[in-house]
Amino acid sequence: ALKSVSSNRYLDGGNNEPYAQMTTANVDISVHKFVQWKIVKAGGDHWALQSVSSGRYLDGGFTELNAQMTTAEVDPATHKFVQWDFIKTNGGKSEDYPNIALKSVSSGKYLDGGKTEFYAQMTDYDPTNYIYEQWIIVPVDQYKITAAISDFDFGEEETIQEMFEQNKQVAFYDKQTIYVFEGGVGLTKQGSYGQSVEESYSFGFSQSIGIGISATLSASIPLVGSAEVSVSTDFEFSSNQQHTTTKTKDFEQSYEFEPQETGKYEVGMTVYEDTDVKLPFKSKVIIKGTDKEGNTLSGKQLQGVIYLKEFNCVIKDIHEDSIEAEITGTMKASFSVEAETYAKKIGDIQAKATNSGNRRRLIDLKLQN
């Protein structure tokens, strides 16, 4: 569909009408075939616009005031009256998504959407900044668009390490006390200790990937080797949303040692975490898509589709079947950063005598939490 920037209405190919009309913006372009058009390759570097409803071509005429509709029997490769050039203007969402002007090859005039006029007109002003000659091409087909966010860059590791050190605090401290009496010397002692920590990662984005684009996120947290975060949604990542994932991380430590003398021993673990750390980031976004028949969209096709889904990330490259972009934001997280374990002798003990004084009670192992 072709939407006029000035009137906010759609170009209408009608049925048997001699002129191209302008239809209200309230129509559903996915089902209203009168505002649907096919862009057809014409002669040279030119294009033709064929109405889905009438099968006829948009005609730029020569001196006519209104844009006409010409029979479908003409050959757009040779009939210059139905040939058009697409001209980039200064209007539009961004340099990547400009409004376009349609210039007739036959008349040299531009298609004009007017304001309240019933028919589309032909005018010859400079379209660069003239909104009446500016149009937005709106894809009609249904597409499935996906985005994969990865390759997070959180900045210099030295700076991140310093932040972790300044903010870390004890998440938990767990220990076991072991008493080794005479009968336990030289024997292997085994056991375990530890707890679990719930970690939380919340991502906020400065840009929007787009309405209706399902997204996945995969991030490795710097300097925390085990911190791999994944988020998958059926809705869009946008600049006014937070996307949070939590997971439980188990810290369990087994111990095994052979005491060579009696005594009081302690084995333990201290786990440190950072709470509500805010890490700015930039990351890569790969956009891919298919049409309603499952055909893969090219990078150029994707560029046109995501424009309408309020995508505003910075496009870095357009590949054959994907778009690579960059998105920025801040991750707010609480996660474990360090664990310390130890085993040490902390005191001496003596065997206890029985009431008769001629026998000793040997206690091999006693655990006290």
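Let me begin with Lys168, which forms a salt bridge with Glu165, where the closest N and O atoms are 3.6 Å apart, and please keep in mind throughout that this is a predicted model. Lys168 counts as partly exposed at 25% relative accessibility, and Glu165 is likewise partly exposed, at 40%. Lys168 also lies over the face of Tyr272, at 4.6 Å from the ring centre.

Turning to another pair, Glu261 forms a salt bridge with Lys345, and here the closest N and O atoms are 2.8 Å apart. This pair links distant parts of the chain, since Glu261 is in the loop between β18 and β19 while Lys345 is in strand β21, 84 residues apart. Lys345 also meets Asp348 in a salt bridge of 3.0 Å, N to O, and Asp348 is exposed, with a relative accessible area of 67%. Elsewhere, salt bridges that share partners join Glu165, Lys168 and Glu338 into one network. In total, the structure holds six salt bridges.

Now to the rings, where the count comes to 12 aromatic pairs. Take Tyr125 and Tyr130, whose ring centres are 4.8 Å apart and whose planes meet at 40 degrees, so the pair is tilted. Both partners are partly exposed, Tyr125 with a relative accessible area of 46% and Tyr130 with 25%. One aromatic cluster is formed by Phe152, Phe154, Phe203, Phe205 and Phe281. Finally, the charged end of Lys344 sits over the ring of Tyr342, 5.2 Å from its centre.

Terms used
Residues are numbered from 1 along each chain as its sequence is written. This is a predicted model: local features need pLDDT of at least 70, side-chain atom pairs count only at pLDDT 80 or more; totals for chains, interfaces and linings use all residues. Side-chain values use heavy atoms; hydrogens and water are left out. Rings of Phe, Tyr and Trp (its six-membered ring) pair if their centres lie within 6.5 Å; planes under 30 degrees apart count as stacked, over 60 as edge-to-face and the rest as tilted. Buried means under 20% relative accessible area, exposed over 50%, partly exposed in between (1.4 Å probe, protein chains only). A charge sits over a ring if NZ of Lys or CZ of Arg is within 6 Å of the ring centre and within 35 degrees of the ring normal. A salt bridge is a side-chain nitrogen of Lys or Arg within 4 Å of a carboxyl oxygen of Asp or Glu. Helices (H or I, at least four residues) and strands (E, at least two) are DSSP runs, numbered from the N terminus.
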